[in-house]
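User: Here is a structure I would like to go through with you. Let us start with the space inside.

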Amino acid sequence: MIAELREAFNAAYKPENYQTLLKRLDARAGTKIDFRVAETPVFLPQQMLERMASAGAELTHQLLAWPEYMAGAQASIPEGFRVAGDSAHPHFLTADFALVRTAGGELAPRLVEIQAFPSVYAYQAMLAEEYLRVFSLPDSLGVFLGGLSQESFWELFRRTVLGRYAPENVVLTEVDPEHQKTLPDFLLTAQAVGIAVVDIASLEPVGDKLHYRNEAGQLVTIHRIYNRAIADEMIARQVRLRFDLTHPWDVEWAGHPNWYFLISKYSVPWLSSGLSASPASDPLAAAVRPSVVPPAVFLDDLLRGEGLEKLKAAGVALPESHGVDAVYESLLLKPLFSFAGKGIQFAPSRFELEAISENERGNYLLQERMHFVPTIETPHGLTQAEVRILYLWPDGGELTPVLPLVRLGRGKMMGVDHNRDKEWVGASAAFWR
């Protein structure tokens, strides 16, 4: 979107440089990158990135200060996944934004979703570094947000993951990490922080403490867990743990599991309603929310009729009748707690919505479909970008935006798994000048 940088990159691009990039990424990660990496980074105005970063932080603080919302979010945690020892705030946060065209013709960010769960921090920092190196980009380009440098980013990341503990007593846990597509990030995190990567199903309880086996097979006490295990995957795989997840273990969580539910897609209908914990005393929040958050309602509210009225009042295009043949072309059906775009349905029909059992309807939302504006000039035509802002919030610190992550795509879905058969799409990075 910074035209001269885009033009210079495209003019100088060589396919062999892209192959060099892929080889360097594999070598540095110590494993094959098993998702599509884009041939290009994007160049965004710093002001736009800062607008996204401040909006995500503002919305998060509003949710945390909203008692009615927090009570509803707590009640949404599935049975068997309400973990003891909640932290005062999430340690990790991501906010995804689409770029849309306003009525006035300007490009503006709109919230896709917000999630208090870790992302690929270590991999993304490495990817940006390799784009700069392989394509000989100007040293003057910035990548880190929040006033951070490369050195201060890594210091903040280590502090957020480790807390007050030695690396040998901190582990990164995931479901079968060796076979996850995010394994490159796990291995890079292990290199940078010095912690072990372990399968959450292998943790061993002794008394009130959890343990893992080090490379020598010795049992090591865990004081803190950098949690990357996603609840819906554990449920889908029917993962059997050696310990009761809900027991009050003598362990700290970097990324407490409850936050995966407390700040998630569940928040979007609340935020889109325009309600605020303290609207009169917080005019900035009242201004940010309606302009950034698209209209959304819970499925059960829509089927009862209340949600339809809310969407209509928000200006969403709806069919004239709502019989079983009605199709909601302007809406997306989303499961609340799925990850990586799983289960999203475009233009659901009334029949399909009513076919979802009553006891499951509370686990879905309907959101106005945002039309991503293709803004990135490539040899294959204009390409869409979804921008994710990554945040860190260490113990005793503040919520800080640290890095932008970008997905490039030319289709309905922006996830890297949905663009494997195209070129100049996939996982990317953003630079600002």
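User: How much space lies in the largest cavity?

Analyst: This is a predicted model: local features need pLDDT of at least 70, side-chain atom pairs count only at pLDDT 80 or more, and totals for chains, interfaces and linings use all residues. Residues are numbered from 1 along each chain as its sequence is written, and side-chain values use heavy atoms, with hydrogens and water left out. A cavity is a set of points on a 1 Å grid over the protein atoms alone, where a 1.4 Å probe fits but cannot get out. Grid points join across faces, edges and corners, and volume is the space filled by probe spheres set on the points; the largest cavity holds about 110 Å³.

User: Which residues lie closest to the centre of the largest cavity?

Analyst: Lining residues have an atom within 4 Å of a point. There are 14 of them around the largest cavity. The closest to its centre are Asn227, Ala229, Ala231, Met234 and Pro257.

User: Which helices each supply at least two residues of that lining?

Analyst: Helices are DSSP runs (H or I, at least four residues), numbered from the N terminus. Two of these meet the mark: helix H8 (231-237) and helix H9 (259-262).

User: How many residues of the protein chain are there, and what share counts as buried?

Analyst: Buried means under 20% relative accessible area, using a 1.4 Å probe and protein chains only. The protein chain has 433 residues, and the buried share is 55%.

User: What share of the contacts join residues at least 24 apart?

Analyst: Contact means heavy atoms within 4.5 Å. Take contacts in the protein chain between residues at least 6 apart in sequence. The share joining residues at least 24 apart is 74%.

User: What does the C-alpha trace span along its principal axes?

Analyst: The trace is that of the protein chain. Its span is about 65 × 55 × 45 Å.

Technical notes: On a 1 Å grid over the protein atoms alone, a cavity is a set of points where a 1.4 Å probe fits but cannot get out, and a pocket is an open set with protein on both sides within 12 Å along at least five of seven lines; lining residues have an atom within 4 Å of a point. Buried means under 20% relative accessible area, exposed over 50%, partly exposed in between (1.4 Å probe, protein chains only).
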